[in-house]
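The sequence and coordinates come next.

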Amino acid sequence: MKHSVRIALALLLALCCALMTACAAKPASPTSQSALVVGFSQLGAESGWRIGNTASMEQAAQEWGFGLMLDNANQRQDKQIAAIRSFISYQVDVIVFSPIVETGWNNVLTEAKNAGIPVIIMDRMIETDDDDLYTAYIGADFLAEGKKAGEFLIKKADAMGAEHLNVVEITGTEASTPMRERQAGFMQAIEGDDRFTVIESVNGDFLRSKGEECMRHLLETYGPEGIDVIYSHNDEMTLGALDVLESAGVKPGKDVILISVDGQQEAVDALREGRINCIVECTPDLGGKVMEMVDALSRGETVPKQNHPEETSFSEFDDLSGLAPRGY
Ligand code: GYE
């Protein structure tokens, strides 16, 4: 497509996004005549992690001088599908999206493939039999994250000399990759260790408000004495649970063990204060790697299919004095 036509279409889409998507963050327009245009479907703004991830994408696109068409789907898969379709009709150079759930993408990704537009899946994964439907995946190894959470629990139980601990789990969005794999990895790590019983798993949808609701339900059902460990799939839900525990006179980190995932600043502060025992890191800072890949694809290079960032974990057993501000 001619650059001038492409730029005109890109600007038109940016305008449509602004008019149609009340909650969308700013739709960027291409920065120069030669700019590549990236269509990015973000799944929502449910957490500090997600907001940090959107910022990382915007900043990296700016640094690379790429136009970024950003659509925020506010937790709705149908909105993500509609955004991807609009990116196809405007013939963006590359489509990037973070799938809210794993299934239901085959049709729209076949359309992108038929249009010859490469697709980078970022953060969460999809379930498909056809790996040709996407060019590459960039995101965390969620199974490894779950295992780290379980390994911390084993270490903590050893240190306490605990005989038996009742565990409750507050899970992320049902049928999403981080939910499934953080659960599976944790279970794998503690499997066969009969010091641990997972007494209930409740769905908190990665939201702080639902983390509060889940905690209220768990306290009502088991009482503070019935719960020894809370494994929560993200910091927002953990922070919600923490408020409810403290209002009920329970001391998180002491009366009950809290294990979280993400590593956003507010949670790291709570870890330092002894109100959370362990946070498994999940980095939202994926924009740089995505844009590097966009650039490589535009030059016809082949890129690795699976790409995981390096991640660690932080716990009460670590010296956190040197930990840099998290930035999200
Ligand atoms: O852990 C959570 C967010 O998909 C890894 O989604 C991401 C998760 C992250 O809302 O905070």
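## Two local charge pairs

Glutamate 273 and arginine 275 join their side chains in a salt bridge, with 2.7 Å from N to O. The term salt bridge is used here for a side-chain nitrogen of Lys or Arg within 4 Å of a carboxyl oxygen of Asp or Glu. Glutamate 273 is partly exposed at a relative accessible area of 49%, and arginine 275 is also partly exposed, at 24%. For these classes, buried means under 20% relative accessible area, exposed means over 50%, and partly exposed is what falls in between (1.4 Å probe, protein chains only).

Arginine 195 pairs with aspartate 193 in a salt bridge whose closest N and O atoms are 2.8 Å apart. Arginine 195 counts as buried because its relative accessibility is 16%. Aspartate 193 is buried as well, at 18%.

## Basis of the model

The model is predicted: local features need pLDDT of at least 70, side-chain atom pairs count only at pLDDT 80 or more, and totals for chains, interfaces and linings use all residues. Residues are numbered from 1 along each chain as its sequence is written, and side-chain values use heavy atoms, with hydrogens and water left out.

## A pair across the sequence, and a network

A search of the whole structure gives 23 salt bridges. One of them links the side chains of glutamate 102 and arginine 180, at 2.6 Å from N to O. Glutamate 102 sits in the loop between β3 and α4 (106-114) and arginine 180 in helix α6, so the bridge ties together parts that are 78 residues apart in sequence. Helices (H or I, at least four residues) and strands (E, at least two) are DSSP runs, numbered from the N terminus. Glutamate 102 is buried, with 6% relative accessibility, while arginine 180 is partly exposed at 38%.

Salt bridges also link Glu46, Arg50, Asp123 and Arg124 into a network. Side chains of opposite charge can pair when their charged atoms come close.

Aspartate 129 counts as exposed because its relative accessibility is 83%.

Most residues other than glycine have a negative phi. Glutamine 91 has a positive phi, near 55°. Its place is the loop between α3 (77-89) and β3 (94-97), and glutamine 91 is partly exposed at 45% relative accessibility.

Alanine 175 is not a glycine either, yet has a positive phi of about 70°. This alanine 175 lies in the loop between β6 (165-171) and α6 (177-190). With a relative accessible area of 38%, alanine 175 is partly exposed.

Alanine 189 is part of helix α6 and is partly exposed, at 21%. Its C-alpha lies 5.1 Å from that of glycine 150, a residue 39 positions away in sequence. Not counting residues up to four places away in sequence, alanine 189 touches Lys147, Gly150, Glu151 and Ile154, where contact means heavy atoms within 4.5 Å.

Lysine 210 is placed in helix α7 (residues 208-222) and is partly exposed at 30% relative accessibility. Leaving aside neighbours within four places in sequence, lysine 210 is in contact with Asn203, Gly204 and Asp205. Lysine 210 and alanine 241 are 31 residues apart in sequence, with their C-alpha atoms 8.7 Å apart.

## The chain as a whole

The protein chain holds ten helices and twelve strands. Of its 328 residues, 55% are buried. Among contacts with a separation of 6 or more, 74% are between residues 24 or more positions apart.

The accessible surface of the chain is about 13800 Å², and 50% of this belongs to carbon and sulfur atoms. Accessible areas come from the Shrake-Rupley method with a 1.4 Å probe; for residues, only the protein chains shown count as cover.
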